[in-house]
Amino acid sequence: MTHESHSFDVVIVGAGPAGSSLGTRLAQAGFSVALLDARSFPRSKPCGDAISPGATPLLQELGAWDPLLRETDQAALLEGWRIRSHGGAWTEAGFTRTAMDTPPAGLAVDRRILDAVLLERARTAGAKIFERTRVFARHGGDRRCDAVVARGPRGEASIYRARMFVGADGLRSRMARLFGPMRCGRNPRLAFVSRYVGVETAGPWGELRLSEEGVLGYAPIASNACNVTLVVPMSSAARIEGDVAGFVRRRIDRYEANPLIAGGELLRDVEVTGPFEIAPTRRTVPGGLLVGDAAGYFDPLTGQGIHRALYGAKLAARTIEASLTHPEAESEALWAYEQALDAWLGPSRRLQRMIDGVVSRRSLMEPATRILRGRAALASRLVDATGDRLPAGDVLQPTRWLAALASRAPRVEIERPYDAHA
Ligand SMILES: Cc1cc2nc3c(=O)[nH]c(=O)nc-3n(C[C@H](O)[C@H](O)[C@H](O)COP(=O)(O)OP(=O)(O)OC[C@H]3O[C@@H](n4cnc5c(N)ncnc54)[C@H](O)[C@@H]3O)c2cc1C
């Protein structure tokens, strides 16, 4: 039996970076917005905690950059990545410095803090927040999504009606499943996220250590704290033998990453998640759209999910504003949203798959490391593209590869501004 009914212009399901930032933009534009989240905040989330520098202008637009940096002791700047190939050879690539580009540094911050700051921005903008409220069904309307049902903190079911619904409820999105069937990837993986406090961090650099089995990612997340994320194939699950912490310790040892966490202690229990490669078959329906991980997520290797959530929310905000202002043009606005997602994410996914294909094979990664070590410009171009400062399509052009391969100059600054955020 349902008890209460609420009505808004927009109901957003999920208050992670995608949902909160979309809520902020729409509330600032004058729409009545409800943000529903199954959890209560601050809450943790399995993540490598590294925010690509392309996200910096988006955090600034949302008014979240200053609050995050003011808590300097709980966030760290990230200026590039060091990569250790399977055989132990290291290469490093910093984000390039240009006057017109986005700042040459990303941020690494515990998701407990990032997501709480973003949610607070939405609240301040006027969005109504419903925590511990889990959406589980659509209500009425066979074709058009015009109401959802959620269970609140006391177990009560309520109906939320709106002119537009957004699924921003992350991996394994309930909203995506209410919109249509899901597709799974062919390479299921598991991730183990540990955060340590009381460590000495290695400056503003993240690390990726590769092995035949998978990858270990490291990022400093405060002056004395770090995130260590381990990604392994699902087939390794049998080796966990019910002892997650022990499994993670053994792998950290195998990656010779003990010095990174020396003297530290776990901030909270290891978080386990996977598989990641799950995509919806429908990202829009009449009266609704998906954003962030709910719209499809590929892999944590290049750590671009937070930028995708924030930038996707910017695209979604434009779409929803257009649809609510001109309801007769809703289907065109939703179609344009899908097109914009494809144009932006298509090349980025291709680049991600290409990188994934190389780093997962020792026979390819060893020569790739040798090539990158001699060509800092090429390495920085790649790290700028995966840092969302250069369009991925730019990097995928064969002519640019050939030019970068031919050049042995230590560093070439990128002159053209990255205009994806225009
Ligand atoms: C192991 C791992 C490491 C990663 N590392 C990085 C990294 O270093 N950098 C990076 O940029 N990205 C990284 N990512 C990706 C990044 O975490 C996500 O892309 C990002 O969190 C997506 O944001 P979102 O708002 O779409 O979803 P989420 O952050 O997942 O938020 C979804 C919200 O929806 C809520 N919710 C779920 N179901 C319901 C429901 N039925 N009703 C109501 N609420 C619901 C959840 O409680 C949650 O708060 C990583 C991902 C993984 C798995």
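Here are a few notes on the predicted model, taken point by point.

1. Ground rules. Residue numbers start from 1 along each chain, following the sequence as written. Since this is a predicted model, local features need pLDDT of at least 70 and side-chain atom pairs count only at pLDDT 80 or more, while totals for chains, interfaces and linings use all residues. Helices (H or I, at least four residues) and strands (E, at least two) are DSSP runs, numbered from the N terminus.

2. Helix α6. In α6 (residues 244-254), F247, V248, R251 and I252 are the buried ones; buried means 20 or more other C-beta atoms within 10 Å of the residue's own, exposed means 12 or fewer, partly exposed is in between, and C-beta atoms are placed from the backbone. The four sit on the same side of α6, because they cover an arc of only 135 degrees around the axis, the arc being that of the directions from the helix axis to the C-beta atoms. On the face turned away from that buried side you'll find the exposed G246, R250 and D253.

3. Strand β13. Seven of the nine residues of β13 are buried. Nine bridges tie β13 to β16, antiparallel, with A191 facing V231 as bridge partner; pairing takes at least two DSSP bridges between the strands. β13 also pairs antiparallel with β18 (residues 271-273) over three bridges, where F192 partners V272. Then there's β17 (residues 265-266), antiparallel to β13 over two bridges, with V197 partnered by E265.

4. Three strands make an open, antiparallel sheet in the order β3-β7-β4. β3 and β4 (75-78) are at the edges with a single partner strand each, so one side of each has no neighbour in the sheet.

5. Around the ligand. Of the 40 residues around the ligand, G16, G48, G170, G292 and G305 come nearest; the shell is set by a C-beta atom, placed from the backbone, within 6 Å. Elements giving two or more residues are α1 (17-28), β3 (50-51), β9 (134-138), β13 and α7 (305-325). The largest share, four residues, is α7's. Domain 1 (2-49 + 110-184 + 278-348) and domain 2 (189-273) each supply at least three, with bounds from an automatic or database domain assignment.
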